[in-house]
Amino acid sequence: MRIIVTGANGQLGTDLQRTLTGHEVFPGDIEELDITDFAAVLRAVGKIRPELIIHGAAFTDVDGAELHVDRAFQVNAIGAQNLAIASEEYGAAILYVSTDFVFDGGKGEAYTEFDDPNPLSVYGASKLAGERYVMALTTRFYICRTAWLYGRHGHNFVKTMLRLGEERGSVSVVDDQVGSPTFAADLAAKLVEIGMSGRYGIYHTTNAGSVSWCGFAKKIFEAAAMDVEVKPIKTSEMQRPAPRPALSVLRNLTLELQGMEPMRPWEEGLADYFK
Ligand SMILES: NC(=O)c1ccc[n+]([C@@H]2O[C@H](COP(=O)([O-])OP(=O)(O)OC[C@H]3O[C@@H](n4cnc5c(N)ncnc54)[C@H](OP(=O)(O)O)[C@@H]3O)[C@@H](O)[C@H]2O)c1
């Protein structure tokens, strides 16, 4: 299959490129294909004529988005609009990678694909706007929401914890936000499976199970065999620009209902990260 991957040099994009063996892959990041440039997007898609576009590029700085609101919408909403129009124009399916931050976290239990989004942050709102463009402008789309992503490539919570643990020997981590840490290699494999399935629609794609950031940090140090003290703190004790959902666990219900293989427990993904 001919596949364009946007955000190809990012955390997920790198693992997608590794996973997509046996396909004709056209990786693009901001240097090669700025998704906010409509003419360039149309030109690239028209020239490559892909069968599938895996759209992972995004403005992913959640706190930065509160300060750079227009830019967040330009990349996450208009970027998705541009790719949606181009994919429809040239007959490609599109897989848009979205986020648990489209939910407000107030449900009190895991969200399914059939729950209504209500983002708390600019980042969440801009990603939801991207989802809506993709749904409105294309006939063959997959929207795959993921969460708490970490991979071998790029910046993420696991790497931050390892660095802080090494430097300080003790870390304070919020204990009142719960989610599903998701290993980028596992996600890449699942996205490729979904993108080949022809079963268009909305998917939640996270590793199974859930944990607080504090619990996740403890598991990271355990897996790394590091003796680091992890102190639980409340979200209210952290001064961060973007509000975050308290409980944004995503039940992967579409996968279940369609009889597709569930993603493995997050602890197994983390163990593989350290292999
Ligand atoms: N990370 C998470 O915890 C998480 C959770 C839920 C969902 N997601 C979603 O998962 C996807 C992948 O996330 P990730 O962690 O792999 O993000 P990432 O490492 O930040 O990768 C995103 C890539 O997109 C590129 N990009 C930014 N603006 C662009 C533009 N205008 N044109 C083309 N490329 C552009 C970035 O380039 P620069 O680095 O040069 O800006 C970066 O290489 C995103 O859609 C994100 O919203 C992530």
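## Basis of the model

The structure is a predicted model, in which local features need pLDDT of at least 70 and side-chain atom pairs count only at pLDDT 80 or more, while totals for chains, interfaces and linings use all residues. Residues are numbered from 1 along each chain as its sequence is written, and side-chain values use heavy atoms, with hydrogens and water left out.

## Overall form

The chain has ten helices and twelve strands; these are DSSP runs numbered from the N terminus, with helices (H or I) of at least four residues and strands (E) of at least two. Its radius of gyration is 18 Å, close to the 19 Å that the globule rule gives for 275 residues, so the chain is as compact as a globular protein of that length. That radius is taken over C-alpha atoms, and the rule is 2.2 Å times the number of residues to the power 0.38. Along the principal axes, the C-alpha atoms fill a box of roughly 55 × 40 × 40 Å.

Of the 275 residues, 51% count as buried (under 20% relative accessible area, with exposed meaning over 50% and partly exposed in between; 1.4 Å probe, protein chains only). Among contacts (heavy atoms within 4.5 Å) with a separation of 6 or more, 80% come from residues 24 or more positions apart.

## Surface and charge

The accessible surface of the chain comes to about 12100 Å², and carbon and sulfur atoms hold 50% of it. Such areas come from the Shrake-Rupley method with a 1.4 Å probe; for residues, only the protein chains shown count as cover.

The chain carries 26 positive and 36 negative charges, whose mean positions are 2 Å apart. Lys and Arg count as positive and Asp and Glu as negative, without His and the chain ends; each charge is placed at NZ of Lys, CZ of Arg, CG of Asp or CD of Glu.

## A buried asparagine

Asn 82 lies in helix H4 (residues 69–89) and is buried, at 3% relative accessibility. The side chain of Asn 82 reaches the backbone oxygen of Thr 36 at 3.5 Å. Beyond its neighbours within four places in sequence, Asn 82 is in contact with Ile 35, Thr 36, Asp 37, Phe 38 and Val 41.

## Two residues with positive phi

Most residues other than glycine have a negative phi. Trp 148, in the loop between strand S5 (141–146) and strand S6 (149–150), has a positive phi near 45°. Trp 148 is buried, with a relative accessible area of 9%.

Ala 225 has a positive phi near 50° and sits in the loop between helix H8 (213–223) and strand S12 (229–233). With a relative accessible area of 72%, Ala 225 is exposed.

Definitions and conventions: Polar contact = N/O pair within 3.5 Å; in protein donor to acceptor, adjacent residues only side chain to side chain.
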